[in-house]
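Welcome, and take a moment to turn the model around before reading on.

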Amino acid sequence: MRFVYIFKFTNLSNLIFQKFCRTMNKLALDLLDLLEISLGVDGHNHNYYRKLYDDAVSIVRCNHYPQCNKPDLTFGVGPHCDPTTLTILYQDLVGGLEVFMDNKWKSVQPYREALVINIGDTFTALSNGKYKSCLHRVSVNSLSPRLSLVFFLCPKGDRELKAPQELVEKDGKKEYPDFTWGEFLQFTQKNHRADENTLHLFTKWLLTSKNCNAKTARGGNK
Ligand SMILES: O=C(O)CCC(=O)C(=O)O
Ligand SMILES: [Fe+2]
């Protein structure tokens, strides 16, 4: 009996989960369209961003933060920027998410019917630096555990990512080299936590390693 119950529940939760992922994916792509319009690159390159994500392999994470007896001594999640493209976050009503703005940490007040949207490092690069990823952290408290559910929009690992040419021409400078999400993800996993410096360090590393590879292919670094 118990097994049947779990089986049915699992089926239902699978369906709910799939619906959640489809809905978040649609919302994320709609947001990309709006960002494209805001950058003024919706002319020749109409749907440029959406097309980069037509085979997206996104991530969903459920965060559970237990109560903590010494909340002043730790964080639920330390300060970081999401390396992903866009983050869509739902938090329960406990609170704890904070963003760094105007040199201060500010609480993001939870609302039952609101989602929090963050720009991630990948979109910083795709917007040629126009949109900045946002430094954030999560504090814990001694009264109540907290839950959050997060959808991270990510492209397929081998998809080449670059800011639209129209934007680069308008800005007169290409701020970031082309890269794949696979390369960037590997960089953030192998190195320290993703923070405000990560995209810059990754760019430097990429330029150096691609330079080295080109030299190796040409027969050495002499
Ligand atoms: O739990 C939260 O509110 C934020 C979690 C977060 O920043 C993350 O999972 O990257
Ligand atoms: Fe985050």
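Let us begin with the lining of the second largest pocket, which has eight nonpolar, three polar and three charged residues; here Ala, Val, Leu, Ile, Met, Phe, Trp, Tyr, Cys and Pro count as nonpolar, Asp, Glu, Lys and Arg as charged, and the others, Gly among them, as polar. This is a predicted model, in which local features need pLDDT of at least 70 and side-chain atom pairs count only at pLDDT 80 or more, while totals for chains, interfaces and linings use all residues. Residues are numbered from 1 along each chain as its sequence is written, chains are lettered from A and ligands numbered from 1 in the order in which they are written, and side-chain values use heavy atoms, with hydrogens and water left out.

The second largest pocket holds about 240 Å³ of space. Of its 14 lining residues, Asp121, Thr124, Lys132, Ser133 and Glu196 are the closest to its centre. Strand 4 (97-101), helix 3 (121-126) and helix 6 (198-217) each give at least two residues to this lining, and strand 4 has the largest share, with three. Helices (H or I, at least four residues) and strands (E, at least two) are DSSP runs, numbered from the N terminus. A pocket is an open set of points on a 1 Å grid over the protein atoms alone, with protein on both sides within 12 Å along at least five of seven lines, whereas a cavity is a set where a 1.4 Å probe fits but cannot get out; lining residues have an atom within 4 Å of a point. Points are joined across faces, edges and corners, and a volume is the space filled by probe spheres set on them.

Asp82 sits in the loop between strand 2 (77-80) and strand 3 (86-91) and His136 in strand 7 (residues 136-138), so the pair ties together parts 54 residues apart in sequence. Asp82 is buried at 4% relative accessibility, and His136 is buried too, at 5%; buried means under 20% relative accessible area, exposed over 50%, and partly exposed in between (1.4 Å probe, protein chains only).

Now turn to helix 1 (residues 2-38), where you will find Met24. Met24 is buried, with a relative accessible area of 8%. Leaving out residues up to four places away in sequence, Met24 touches Ile88, Leu115 and Phe151, where contact means heavy atoms within 4.5 Å.

Thr180 belongs to strand 10 (residues 179-180). Its partners beyond four places in sequence include Gly157 and Leu161. The C-alpha atoms of Thr180 and Leu161 are 5.7 Å apart in space, although 19 residues separate the two in sequence.
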